[in-house]
2 protein chains.
Amino acid sequence: MNISNSIYSGVVGWSRLQEIILEYKKSGIYILVDENTRELCLPLLKAKCTGLEEALVIEMHSNESNKTIASVEKIWQQLVVGNAVRNSLMICLGGGLVTDVGGFAAATFKRGINFIHIPTTLLAMVDASIGGKTGVNLNSIKNQIGVFALPKAVFIFEEFLKTLPTRQKLSGYAEMLKHAMIHSEELFEKFIILNSHEKVCNEVNILESASVKLDIVNSDFTETGLRKSLNFGHTVGHAIESYSQKYDSDPLLHGEAIAIGLICESFISMRMFGFDKNDLKRLANLVSWHFPHYRFKPKPGDELLALMCHDKKNASSSQLNFSLIRKIGEPVFDKFPGEKLILESLHFYINLEVGFFV
Amino acid sequence: MNISNSIYSGVVGWSRLQEIILEYKKSGIYILVDENTRELCLPLLKAKCTGLEEALVIEMHSNESNKTIASVEKIWQQLVVGNAVRNSLMICLGGGLVTDVGGFAAATFKRGINFIHIPTTLLAMVDASIGGKTGVNLNSIKNQIGVFALPKAVFIFEEFLKTLPTRQKLSGYAEMLKHAMIHSEELFEKFIILNSHEKVCNEVNILESASVKLDIVNSDFTETGLRKSLNFGHTVGHAIESYSQKYDSDPLLHGEAIAIGLICESFISMRMFGFDKNDLKRLANLVSWHFPHYRFKPKPGDELLALMCHDKKNASSSQLNFSLIRKIGEPVFDKFPGEKLILESLHFYINLEVGFFV
């Protein structure tokens, strides 16, 4: 299966990957891994493909605090030591951290060497590895440094998901849900009917979800318009993610926070654009089914608002820019709900605690 | 005067620059300078344009040893402190070091903010600022890290040349001579007839020379073919530049080394492709007229060859890849003259010491 010439999967994917490896073997192949993918994913890759015997394996740490220019510099140094040339190939084998940092290192080494992504988490398969955003954090500000650079190809192999913990899968599932909601009733319906992340997370559905993002990205590569719709759920979601990182010993994963963000921002969409109340109900029930209800400390509103404002470079709350949804399949962007409505949406989620929304 | 929508000059240039400054004033303007251009060029820029009162001036050191990722990081940090946003503008005011480093910093900040170049050396006007190569050195390997990124516009103002020492002007003159040789008999003829770098280095001729490079770059942005012809004179020239840096307390400037490289590589071109002996003579006389003859230590051949091989990533001497010239206006590339012919060409230059070639 091959979507738009650049995402490959399944048997065709392994065969295309094998071709690429043999094509670049002579000019040098460099595999970027983290300590987890070195142990859990690299053996499978090497078992499936020939021609990687002489590839240089470069390891980085799988921690957001290592998403820095210093890590990139270490990768560059190893490319120099390994005599990488302009026509060498980097294979980024890992989650979003590896594909973001590796993509940036490759795109800036000798003004750009070839790279491909083999995402090993569901989140990276449907999101991070698609769309050419690469980069690192600066002073803990996320993705402050980077370039837009497209991998030569992205390979989605469900084999790698077998080693992934359920929570990690659910984290990717939330982004798939977002893609479905901004794409079409048909795709959203599938989530409702299947009502199981295990059933949703097969190769066909993952590819379909990745291609929703790819299509949007292709129509607006540098995010001047439509691409912003991919931020649906993320203004509130990011704030909740930061909030949880501050207060919880075992904080929410990205997608777990985004799932809550989807509910809040669908609520805002209902108030601002008449997003269907019944769809909000279907979404809330779906999220409640898959994710445990998150319990904030008392009165989290002001702190969450402050986090949103900080995330948008110290905007005032009236300047907070949202990507919302008029109805399933009809995203809108550059919308400003304002403080009151944002707080109401948080209370709406908090009050869901008692159970399903009927 | 406006060549291909992106190089501006003269009155039209100042007026276009003023427009751009007013367009970006609101979203933030950042002027990158070095200690020299801060003193000698920034006052003129500020006197000529309004709207720069609140621009943040960022200073870097004008030394090749500062062409590192650490310098880029300092620029990023100042952009953060100065609240630069995606739609901010960086003005790179300086020589090739400032345009290379500044272009890279801008192209990688928030995945790319706008930047323009105002080159202040002749070399940067006709070469470094044109063509979108940006980057820094890594472990002293030149331009190992970087991206291709085009400035929004390049402004060539001869006012800035007034403060430039003659040797610096001659350094740029050598690159102009190279452009003329790979472009056309007509352009080369102009150098012969004028026979004075002062007469050659006016705004019209500088623009014409910059546009030779721009046209080539436009037809082969990522240097897979024709763009290589811009390397004419540079395989030998770079080796001589390194040689001089090693042995001389006041080493050759880039263009001074390239002028010698042009002679040697024209000699090789004569032997390999029948490049006209009379043109070689005209070139050698022109170079002898403008540049003092450079005196190597005895038997420099082996060391220069070793430097060439190192420059091309430890290639063997038979693998040394040259961009040459079949006749004036007809460049060729991916040519391999081999050790013997390279050494002969060096001896040819060394023997020119006695005076003009008649």
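For the complex, I noted that the predictor gives an ipTM of 0.90 and a pTM of 0.92. This is a predicted model, in which local features need pLDDT of at least 70, side-chain atom pairs count only at pLDDT 80 or more, and totals for chains, interfaces and linings use all residues. Residues are numbered from 1 along each chain as its sequence is written, while chains are lettered from A and ligands numbered from 1 in the order in which they are written.

I then looked up helices α7 (residues 166-183) and α12 (residues 254-273) of chain A, whose axes lie 6 Å apart at an angle of about 35 degrees. Helices here are DSSP runs (H or I, at least four residues; strands are E, at least two), numbered from the N terminus, and axes are lines fitted to C-alpha atoms, for helices over the stretch in contact, with angles from 0 to 180 degrees between N-to-C directions. Among the residues making the contact (C-beta atoms, placed from the backbone, within 7 Å) I listed L170(A), L177(A) and M181(A) of α7(A) and I258(A), A259(A) and L262(A) of α12(A).

Last, I turned to the contact between the chains, which takes 19 residues from chain B and 19 residues from chain A. On the side of chain B that touches chain A, β8(B) gives the largest share, five residues.

Conventions. Contact = placed C-beta atoms within 7 Å.
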